[in-house]
Amino acid sequence: MTTAAAHTDELIALDVADGVPCNLIRVRGPKEPTKGPVLLVHGVGVRTEIWRPPTPRTLIEALVDEGYDVFMETWRASMDVPNNTWTLDQGAVLDHPVAVKKVVELTGADSIQAITHCQGSTSFMMAACAGLVPEVRTVVASAVSLHPVVTKVAKLKLDYIVPPVSRLLGYLDPRWGERGAPWLLPKALTAYCKLSRRACDNGVCKVSSFMFGAGNPTLWTHEQLSPATHEWTKGEFGPAPLTFFKQIAQCVRAGHLVSVEGRPELPESFVAQAPLTDARFSFITGGRNNCFLPESQMRTFEWFEKHDPGRHTMHIVPGYGHLDVFVGEHAGRDWHPIILGELARDA
Ligand SMILES: [Zn+2]
């Protein structure tokens, strides 16, 4: 069993059409990989390090030990990419197809497998349904895929609070909770988040709970996180732009993903036609996900079942929320066997 200390990272720049600085990190263990490539795609406002929390065993360690050739994609929603007005359309058309093709080129593999989370999952799903990533044979999709469903409170927030707030600011940033906010309105918002969530002393946890849904907290269940990981999250969240919040609000209202930029590569609705992908999907989520309700993944699983019965799978683990699926102290025990098992089915 190796640990991150025995791993080496290789940084590979991606040639994205509009010049946004996206990249891949290829993680190698002491031995050559014996299995095919796996691409990991992070969610909104975080960065690739979200795959390597200070837990006893990370998914990256488990994948490397299992013999996979591991690639972590940094796409434009990362906090490490300069703050930009990204949309899911841009991720789907400009970033993910380039990342997938680069992995195929570097490894010489005929096809690859992917693990995608949250808005990495929705934007990757858009690319898959539009036929832009035909090289992908398996997707383990976490939290939300084709049908974003949120709580009533979160929907009200998306419709009536987030748009005016982010219209004035252009973005929302969980770091306000720790570093202080730039001026009166974000200061007032941050003060509200802190006062209304007294149980926790982590400002990033509190502001991100406001931004990304409705729950106390929204992104994990506190019981699943060690104090060290809860503290670590303070450095792992950055801004999310109005352009994203507007699009996800539109998707929630429609009940499924919609494109918003009129790009010729993407359909307007992603459920109006059969998906242009042969990939097998495994939909995973925590039973207490307060960011996107488990119903999100259930609807998408049923939709795929309708098109290709018996092929796809779904796993809902009770007691888990949104991101603790990967950063929970016991994710190695509760989630890694599920994820590795799904990848192995299409070996
Ligand atoms: Zn907290």
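Are Cys 200 and Cys 205 buried or exposed? Cys 200 is buried, as is Cys 205 (buried: under 20% relative accessible area; exposed: over 50%; partly exposed: in between; 1.4 Å probe, protein chains only).

This is a predicted model, in which local features need pLDDT of at least 70, side-chain atom pairs count only at pLDDT 80 or more, and totals for chains, interfaces and linings use all residues. Residues are numbered from 1 along each chain as its sequence is written, and side-chain values use heavy atoms, leaving out hydrogens and water.

**View 1. The zinc site.** Cys 200 (SG), Cys 205 (SG), His 222 (NE2) and His 230 (NE2) coordinate the zinc ion at 2.1 to 2.3 Å. Donors are N, O and S atoms within 2.8 Å of the metal (3.2 Å for Na, K and Ca); water is not among the atoms, so sites may look incomplete. The four donor atoms subtend angles of 100 to 119° around the zinc ion, so the arrangement is tetrahedral (four donors, all angles between 85 and 135 degrees). The donor residues follow the spacing C-x4-C-x16-H-x7-H in sequence.

**View 2. The open sheet.** Eight strands run in the order β1-β2-β4-β3-β5-β6-β9-β10, with mixed pairing. Strands are DSSP E runs of at least two residues; helices are H or I runs of at least four; both are numbered from the N terminus. Two strands pair if DSSP finds at least two bridges between them. β1 (8-13) and β10 (313-317) are the edge strands, each pairing on one side only.

**View 3. The β9 and β10 pair.** Strand β9 (residues 280-286) pairs with β10 in the parallel sense, over five bridges. Phe 283 stands opposite Met 314 in β10.

Terms used. Tetrahedral: all angles 85-135°; square planar, octahedral: opposite > 155°, others 65-115°.
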